[in-house]
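Trainee: I would like to go through some labels and the cut-offs behind them. Can we begin?

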Amino acid sequence: MFERNEEMDDEFAKLIRRVNLPRVVIDNDSCEAATVIQVDCVNKHGILLEFVQVLTDLNLVVTKAHISSDGGWFMDVFNVIDHEGKKIRDEEVINYIQRRLETADGSIPSQRGSVGLVPSEESTSIELTGTDRPGLLSEVCAVLTDLHCNVVNAEIWTHNTRAAAVVQVTDDTTGCAIEDRRRLAIIKEMLCNVLKGNNDLKTAKMTLSPPGITHRERRLHQIMFADRDYDKVERNEGTRVDDRSSRPHVIVSDCAERDYTVITMQSKDRPKLLFDIVCTLTDMQYVVFHGVVLTGRKEAYQEFYIRHVDGVPISSEAERERVMLCLEAAIERRAYEGLELELCTEDRLGLLSDITRILRENSLCIRRAEISTKGGKARGTFYVTDVTGNPVDPKVVDSIHRQIGRGILQVKWNSSSAKPHNENTFSYLFGSFFKARNFRLIKSYS
């Protein structure tokens with residue numbers, strides 16, 4: 001009886017959403033500095049995340065947002081710009097945003113940046129977690145190459161001594177997904193051996209991604225959350241001391257008169273910041289009822305009024321502390337400002353293994369990376385530091401440059417990495433090195 005009533009309520013809710021599809025207005029006239037996107041729809045847990053995900057996947061920057069969803073109706077206004085700081089003028093992009101937002105239902109993830117079916121006809125998606133250490137990614141890539149796995153897409157995050165990755169691989173002979181269970185078991189055993197750190201209190205893991213289509217960046221948040229990367233750890237002597245002034249400031253307080261929990265966050269502004277926060281709140285089963293997002297030249301301010309999905313605010317000090325730590329971790333996972341290396345070259349077997357080995361041999365640590373292949377081209381971005389976590393010495397970059405030439409990997413210096421006196425000298429890496437026909441891979445492990 002009760003189950004039948006619940007089913008009827010669920011079907012009625014679906015009918016209401018179908019009748020009241022999201023209404024989307026995209027306006028380039030009312031604001032001088034940004035494109036204004038207004039969305040009105042029936043509220044559902046996860047709908048805000050899907051809207052933000054659509055904008056994030058297009059590399060749009062949210063400069064301001066107002067969120068309100070009392071009374072079962074959701075209304076949100078986003079001010080957005082492109083990565084060059086300009087309004088959205090491309091009609092094709094505008095039509096895509098309109099179409100995606102109007103069909104959003106809070107449950108269908110974007111195909112872009114998705115993990116995919118596992119194993120699918122195209123690739124096998126592997127998830128990795130373990131203790132971060134210098135050279136870890138290089139060792140993982142070397143093992144995959146030795147096991148005849150070709151990396152077609154990968155994203156790697158590190159935070160708070162932990163590392164997580166979602167890697168899509170194919171068989172290097174057939175170019176198809178790896179489905180043989182025995183071979184997958186061998187891959188798992190070899191990778192777990194690499195991922196195990198000395199005196200590791202947490203278990204290294206290698207698993208296949210769950211069935212269905214999962215947004216890769218959201219999955220990485222889930223993996224690191226499950227690995228409890230938000231737990232505070234003691235720093236070893238000799239590692240870089242964190243600049244507390246640059247860390248996010250998160251306050252969790254009560255709004256008793258309205259029966260909400262108020263979360264206030266102030267941090268350095270960066271791309272995808274809003275997505276990371278909303279993703280974490282959604283996966284922790286919290287609903288945003290009201291919110292405001294403001295960004296300046298360098299800082300971002302966000303304030304959300306939330307309740308748990310069961311309708312109650314946070315009531316315990318332990319949960320308040322947990323939410324604060326988890327949001328700090330969500331902000332920090334992609335907040336690193338190291339030396340940025342951008343890859344663009346012809347794809348080939350073992351390419352990622354070669355690049356990561358070179359970085360390791362020059363005492364560089366990869367803090368975050370994203371790699372993709374399409375149409376015979378390999379593209380990627382690496383954020384690196386020296387082994388102590390400090391900015392890379394320009395002399396190290398110069399040494400790599402003299403060793404392997406120009407043309408494939410562009411170096412981007414920012415405020416946290418010391419600029420060389422002559423930028424042209426250090427502009428590109430890895431050029432002639434990868435063009436050499438007689439290159440022989442030297443296998444070495446740190």
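Mentor: Start with Arg 333. Its relative accessibility is 3%, and buried means under 20% relative accessible area, exposed over 50%, partly exposed in between (1.4 Å probe, protein chains only). So Arg 333 counts as buried.

Trainee: What are the ground rules here?

Mentor: This is a predicted model: local features need pLDDT of at least 70, side-chain atom pairs count only at pLDDT 80 or more, and totals for chains, interfaces and linings use all residues. Residues are numbered from 1 along each chain as its sequence is written, and side-chain values use heavy atoms, with hydrogens and water left out.

Trainee: What makes Arg 333 and Asp 229 a salt bridge?

Mentor: The term requires a side-chain nitrogen of Lys or Arg within 4 Å of a carboxyl oxygen of Asp or Glu. Here the closest N and O atoms are 2.8 Å apart. The pair ties together parts that are 104 residues apart in sequence.

Trainee: Is Asp 229 buried or exposed?

Mentor: Buried, because its relative accessibility is 1%.

Trainee: Why is Arg 183 called partly exposed?

Mentor: Its relative accessible area is 23%, so it falls between the two limits. Its salt-bridge partner is Asp 171, at 2.5 Å, N to O. Asp 171 has 12%, so it is buried.

Trainee: What about Asp 276 and Arg 334?

Mentor: Their side chains also meet in a salt bridge, at 2.5 Å, N to O. Asp 276 is buried at 0%, and Arg 334 is buried at 7%.

Conventions: Helix = DSSP H or I, 4+ residues; strand = E, 2+ residues; numbered from the N terminus.
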